[in-house]
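Trainee: Could you walk me through this model and show me how to read its features?

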Amino acid sequence: MTHSKPNPTYPTTPTSPTSSATPSTPTPPPRRRRAALAVLPAALLTLLCSGAAPGATAPGARPPARADVQERALPGVREDARPAAAPRRAFDVAPARAALERLLPRHADQFTLVADEAAGADTFTVSGTPGALTVRGSTGATLLTGVGWYLQHVAGADIGWPGDSLGMLPARLPGVPAPVTRSALVPHRYALNDTDDGYSGPYRSFEEHQRQIDLLALHGINEVFVQVGAEYPYYRALQGFGYSAEELREWIPGPAHQSWWLLQNLSGFGGPVTERLMRERAELGGRIAEQLRGLGMTPVLPGYFGTVPPEFAARNPGAATVAQGDWAGFDRPDWMDPSSQVFQRLAASYYAEQRAVFGDSAMYRMSPLHEGGQTGSVDVKTAAGAIQRALHAAHPGALWAVLGWQDDPTAELLAGVDTSKLLILDGLSDRYNRLDREARWGGAPYAIGTIYNFGGHTTVGANTSVWIDRFGAWRAKPNSALKGIAYLPEATGTNPAAFDLYTDLAWEPGPIDQKRWFADFAARRYGRPDAEAAAAWEELRKGPYSTSSGLWSESQDSLFTARPSLTAAGAAYWSPKSMRYTADSVRKALDHLLKVKPELRGSSAYRFDLVDTARQALANQSRVLLPKIKTAYEAKDLAGFRNLTAQWRDGERDLDALVGSDPNFLLGGWLGAARSWGADEAERDRYEYDARSLLSVWGRRSTSEGGFLHDYANREWSGLISELYARRWEVYFTSLEDALVKGAAPVAIDWHDFEEDWARRTTRHPSGPSGDPYALAAGVARGLAATTATAKDVN
């Protein structure tokens, strides 16, 4: 989602609550893929995919009764919402068992998983003696949530996102003193922003997506957005409405930019895509959806709300389209008036093609008119009703999930639909004050949400106290419409404490005590209680994890990653321009983490947290150093300028080496993954540009400059720092030094050309970490201690 003219996910203006505001090698190893889907009509694709997408049917046909549907309710439909006469059915625990073996390979055999037909909806019970534990639950995912509860509250271990402390578990797991039963406080536990596929990794493998699903289930999520391969139903369906395959391949953007195409913000950039790529992505998306179904989770699929290529009305008599104007320098795709019969026919074709590969679901994501869409002469109330009718014609009773962002959903849209079949995913719950969601949305059901990460920034922190206070207060309101939580960071896989805490909201029976929660987190995060770990996380709690609402839901980014300027206040245009907490809290946390007992330093959780905290401490130091450089330059103090810019360069070198020691901060994986999807060198280069451009220029010049999206997805990754950010600052400081020496104005630099040149490169970067994280973090701490900067120096 976006920032305050917030993100490229959604540039917005921070004014008021109502106006909203991974490593590579020279030759990547071939990826294991199943046979690609054949280019066949939807009916034959249905047969081909019947194993991967149960429930697929021929276009226009009703899905047949399937054994697994007869045995249990559709994922996403709560058992207590079914007719009273409908008995609860057993489910297959094998998918949960397989996930458990992936998550706990050394200890899985100590758990017995039981499909509990008598359990209430979204309920698990954990019991057992040492080495013989039993988890009973209402779904496969809920069984895994029970395992997660046990690890957190009994075994004292953490499987985070990223990092874990499983190596500290004893060979024989401890027993549960007395059986414990937990039920979810809300029926909807939704995960993944519309932008997650772009910012977290558009070229990920099935195994990476599978790991994501396992972690989401472990933390109590039951509804997951599935975006991979969503272009394929468009591609198939639109060929029946006057478009050639070649035209559509030009219209569909590269995978890194498809998130915003589905949001109707852009088209074409990063392409053209090949039919082979689309088929393989569709196959991957189908496997992801089936993985979710196997666990009893809902695969939330993109719905159809009217996006069409150019000239659609001219090629399809009876259709009316509305030009959608500009989004951040891109021409938006046209919107077809949903009230026409042409819309209903195209929607039916789209859903049939989607069903053939992805199967059916009980929930679909759509946000018409997102971030400034134009209504023209279309009646929004009528259009919304037509969109929902088309959805229900294909999937009777399915929920429509719509993003709560800026002014959406509008009163007109809500007036046109059956809101009992709608769920609003609130992206602004923790951002602004004086919010009344019942009044704003007329009592429509909504999920309280958070977007504490924009663009994949590597900054730590979140408004966690706001989450705790509002979740309890909003649920307790008379006639509360709060029905869920929505975990919506623009990119996942960062900030493990925030992920753990936010998902805990839906399962903890009493109000969460923030201070106690962080103390408990510190103990399990490294597998044993430790005074220094507790002190470190108490500093982090008081600092970056206790930021307030009012304007921001994310902490500030780094100036090392900013486009060079002596007055730079942030890297991303839409990010906070100053510190949101006292920088000293991170410095102190780093010192404490370095004193954690040596026997607790071997886990991936400790290594990640140590590197991430040292990285944040260095990033915060950039805000102390840049104003000093500016002062020296303006005073024409050449010696002082040279000394300070040397400190800046040292900081960037230290930063690149530090993050290069952890696998979660490597540019090489991101680029290698993109290249692995190409069939030849030209295609590999094209996908690498798609991936690189998202991190740098984001789009074309008009987008980068006029839309202010350059560096929107900045992140402190090894390789990205050394090859782009440090080189950029080096060129800039050299121009300023030359100006001081010559007594002249500095040379103007076309930064877009510089960044575009980087995006077009195909240089390789390491796919694995190097260096000793502890030694590198200790070096950072010594360097920071040697400076005279204090918290009051931070601008």
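Reading loops, a helix and a core

Mentor: Let's start at Pro162, which sits in the loop between helix 4 (140-155) and strand 4 (180-183). Helices (H or I, at least four residues) and strands (E, at least two) are DSSP runs, numbered from the N terminus. This is a predicted model: local features need pLDDT of at least 70 and side-chain atom pairs count only at pLDDT 80 or more, while totals for chains, interfaces and linings use all residues. Residues are numbered from 1 along each chain as its sequence is written, and side-chain values use heavy atoms, with hydrogens and water left out.

Trainee: What kind of peptide bond joins Trp161 and Pro162?

Mentor: General idea: most peptide bonds are trans. Here, though, Trp161 and Pro162 are joined by a cis bond, with omega about 10 degrees. Gly271 and Pro272 are also linked by a cis bond, with omega about 0 degrees. Pro272 is in the loop between helix 9 (258-262) and helix 10.

Trainee: How many residues does helix 10 have, and how far does it reach?

Mentor: The expected span of a helix is 1.5 Å times one less than its number of residues. Helix 10 (residues 275-294) has 20 residues and reaches 28 Å from first C-alpha to last, close to the expected 28 Å. After helix 10 comes Gly296, with a positive phi near 80 degrees.

Trainee: What is phi for Gln406 and for Asn479?

Mentor: Most residues other than glycine have a negative phi. Gln406 goes positive, near 50 degrees, in the loop between strand 14 (399-404) and helix 14 (411-415). Asn479 is positive too, at about 60 degrees, in the loop between helix 16 (464-476) and strand 17 (482-487). Gln406 is buried at 16% relative accessible area, whereas Asn479 is exposed at 74%.

Trainee: Which residues touch the most other members of the largest nonpolar core?

Mentor: A nonpolar core is a set of buried Ala, Val, Leu, Ile, Met, Phe, Trp, Tyr and Cys residues joined through side-chain atoms within 4.5 Å. The largest has 237 residues, and Tyr150, Met297, Tyr304, Phe312, Trp400 and Trp698 touch the most other members. Helix 21 (residues 604-634) gives the most to this core: 13 residues.

Trainee: What does Tyr150 touch?

Mentor: Contact means heavy atoms within 4.5 Å. Leaving out residues up to four places away in sequence, Tyr150 touches residues including Phe111, Val126 and Pro174.

How values were computed: Buried < 20%, exposed > 50% of the residue type's maximum accessible area, 1.4 Å probe, protein only.
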